[in-house]
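Colleague: I have a structure open here and would like to talk it through. Could you take me around it?

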Amino acid sequence: MKGRKRKIGHKVNVLLLFMVLVTMLLAGGISIYGLYSVKGISEENGRMLGQTAADDAEEALEELAAQHLQDTAVEKAAYIEEKYAAVEACVRGAVRLAEAIYAAPETYPDRTVALPVRGSEKLAAQLLWAKKLAPDSGKDGTGGCPIPTEELLKLGNTQDLLVQYNANNDMVSSVYIATESGWMIQADYIAYSKYQGENPLPIHYEAAERQWYRLAAKSAPGQIVYTEVMRDIHNGEDCIVCAGPVYHDGKVVAVAGAGSYLTTVNNAVLDTVIGQAGYAFLVNGNGQVMVSGRAEGETAAYAEQWVDLRESGNRQLAEAAAGMAEGRSGFLKLTLDGREVYLAYAPLRKLGWSFAVVMEVAEVIAPAQESQRIILELTEKVADRQDEAIRRMLLCFTGALAAVMPLIVLLGTVFSRKITGPIRRLTGEVAKIDGGNLDCKIRIATGDETEDLANAFNAMTDQIRKYVNHLADVTAEKERIRTEIQVASKLQADMLPEASGAFAERQEFSLAASMTPAKGVGGDFYDFFLLDEDRLALVIADVSGKGVPAALFMVVSRTLIRSHVAADVPLEQAVREINDNLCANNKNDMFVTAWIGILTLSTGELTFVNAGHCRPLIRKQSGVCSYVSVKCGPVLGGIEGISYQCAKLRLRQKETLLLYTDGVTEAAGTEKELYGEGRLLETVENSRSVTMLAVTFNGNGFSEKTGEPDMGSIREFDRFANAVLQEKGVSAGTIVKLQMAIDEILSNICRYSGAKEMTLGIRVERQTVTMYFEDDGAAYNPLERRDPDVKKLPEDRPIGGLGIYLVKKRMDGTEYTYKGGMNRLTITKKDGVETYV
Amino acid sequence: MTVDIRTEQGRLLVTVAGRLDTVTSPELEKILKENLGEAHDLVFDFAGLEYISSAGLLVLLTAHKAVKKKGGKTIVRRANEEVREVFFITGFSDMMELR
């Protein structure tokens, strides 16, 4: 009881704890989940903000860089163009003057041009000529000094202008005019370079073979051309020549040119520094890098080994180079030498060149990345603070849980006590009922289910009490009936004669019987009684139905059978009367199956009527069992006024007749089946019926032998008789006489009777031997045969009749009867008495 | 039953032992028929014969008749009381010489 109380309280506690824990854990979990969500969002926001800011800044920076780079490119291009505009002006001046001289030579005086001064580094106009003008193209290849032509003398007027141009323009290194005829007037600072070795004359200058001359000679009047960057013929420096044709009468007669060293341009380019790693380069109309801030890499200038950028493997670079060559300006982002760079370019239209500026992207967007880094750093810090907040919250939550737990346990205990209190009281009350006190009433007024339970218990107790009382009554009644049935059963059993020890003084038969009704009383019964000294009545019967009615009907039946079967009444008549008596007043339509027989003890003859009963069994001396199969009459108590027929059979010595009620039939199998004694008993015992009556016919004092009537079996009968008689102590002489009688009588039966069976019976009593011979052949009394006339000689009288005559003469008595289809010859012989002497 | 046949001086000597009854008679009858032949007289030695039945008597009668036809006679000797009694009862003792 105590354990159960604790259990319920424990359950309440656990339930409460469980619920509170679940609620708190749920709330805590949701809170923490919320906090983590907020943290995640804020982190994501920070990251996005940083990214956006960086992107925006990058965009702005890129824009600024583009602007700056383009401005730079345009500015530098303009600067270089301006420089070359001055050079161009020189060339135009020289052309104009030369054309004017050619147009009106007479208006100009003759002026000689001096030869270059050997070793001079002073600015001076110098005369040079082509080889074709040399008077003697001698062995040394210089020839002599040609005679100045009028053309040269007139053109000599340009020498002052040429010198002036050179002096006033820092871009110009030399200014000259070369004629179609081979003359050349040149103003520069390098007169020393015009001589080779000790040659007294300056080197020939083949102006017509030079690029600037050829380009200009093909040009229209007034057009100015530029050469590619080339090595100066005199001092080897990179230079570019600006030239223009001199027309006279529609033909080119001379070309004016101005050589310009690239040093100036170089400086402009190389000085262009953008940011930390920015640089510039100059591209001509053929896509070749002329000058570059880079000494190597994709955009370096490789003099004499020009590379056309338009054919570069770097597609972006090639496209940009194409744009440059076409004279466009532009801005793009590309990869150069493996680095992300911005590239801006602007055209130098007159020169057909392009000025390009390069700046590294990383350098441009560095500030933007820096700001993104800072923003992300700040975001991290915020996240750390949030983590700290969550940790604090978890701590608070755990503390609260620990604080609440004992409170819940306390509350749970209080509640469970409240709930289990009434149940404990109820248990106590019920325990009283358990002790057997059904009058005890449970009084609990809690107003809840416990009170309902108590009321239910009370109702149940009432019901149990009623049932117990009722059960006691019923049991008492049943016990009374059972006792009465027991008494009745005993009475019924006592009514039947006790088989064991009955008629102990009678040697002729022995009896065995059993009757155990299945349920107290029943309708099975057996009976036996002597009608007179020689006749025994045997009865087995089975009343329809069970129990008391059957038992009562059995008593009636038995009484009727006892009173009607009598010595002086034929059995069939007795049975008919019994049936009529049973039919009268049989309102319950009860009936009885019965087998009633009368055994004549002296002969073993059995007369019987079977009124619907199962067939009895006969166990032969040999152990063979067979049914007594005779047509049945109707059951007793069934149809009034009906007649019955008797049947007869002979019981031989040691044969047993077994009567039983139904049940064996089914179990026993076919007729004439071999049964051992054990097998028969087993069959009977295992059958449903347990009512049996067995009578064993011990014979009428005769030793009997039955056999087939043939001559061969006579010896067996003889031996049988000899054995019986010797055993009984009959004298040998008498035995011989009896053997002779047997021989005579049996041989007669074999020869003449036509019997199927013959029996020899022997009895020795008070020194008298009685023998009977029985056969089922034709009725014939041998004693009636006339005796042979022994007075006559045997040979003179009819033969035959000798055997029976001998028997008659030698035995003490002979008797013949014919009864029940049997011839019976009985002979007697007193032992030790000579009958015939 | 055992039968011994001997012929001496025109006499057939038949020695029968055991029982001469319904079962054994036919055998004796057969032996006699075969051996009777030229014998003038018939001598039965019944010293070993236990008893004789009517069937045995009939065999003797038949044999006797055959001997008598030739003018001979039948002699039964050494028969026991039992057999003698049968002979006397049936009148066979008148017909045969009992010794």
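Modeller: Let me begin with A:Phe415, which lies in helix α7 of chain A, where helices (H or I, at least four residues) and strands (E, at least two) are DSSP runs numbered from the N terminus. This is a predicted model, in which local features need pLDDT of at least 70 and side-chain atom pairs count only at pLDDT 80 or more, while totals for chains, interfaces and linings use all residues. Residues are numbered from 1 along each chain as its sequence is written, chains are lettered from A in the order in which they are written, and side-chain values use heavy atoms, with hydrogens and water left out.

Colleague: Why does A:Phe415 count as partly exposed?

Modeller: Because its relative accessibility is 46%, and partly exposed is the class between buried (under 20% relative accessible area) and exposed (over 50%), with a 1.4 Å probe and protein chains only. The C-alpha atom of A:Phe415 is separated by 8.6 Å from that of A:Asn13, although the two are 402 residues apart along the chain.

Colleague: Which residues are buried in α8(A)?

Modeller: They are A:Thr450, A:Ala454, A:Asn458, A:Thr461, A:Ser489 and A:Gln492, and what covers them includes α7 (361-434) and α9 (547-564) of chain A.

Colleague: And how far does helix α8 of chain A reach?

Modeller: Helix α8 (residues 449-495) has 47 residues and reaches 67 Å from its first C-alpha to its last, close to the expected 69 Å, a span taken as 1.5 Å times one less than the number of residues.

Colleague: Switching to the interface, how many residues of chain A are in contact with chain B?

Modeller: On chain A there are 26, in contact with 26 residues of chain B, where contact means heavy atoms within 4.5 Å. The area buried between the two chains is about 2,200 Å², with 58% of it from carbon and sulfur atoms; buried area is the accessible area (1.4 Å probe) that two parts lose on being put together, summed over both.

Colleague: How many salt bridges are there between chain A and chain B?

Modeller: The count is six, a salt bridge being a side-chain nitrogen of Lys or Arg within 4 Å of a carboxyl oxygen of Asp or Glu. One of them joins the side chains of B:Glu82 and A:Arg810 at 2.3 Å, N to O. On the side of chain A that touches chain B, the elements giving two or more residues are α13 (711-727), α14 (732-753) and α15 (802-810) of chain A, and α14(A) gives the most, with nine residues.

Colleague: What about chain B itself, how many helices and strands?

Modeller: Chain B has four helices and five strands, in the pattern β-β-α-β-α-β-α-α-β along the sequence, and buried residues make up 54% of its 99 residues.
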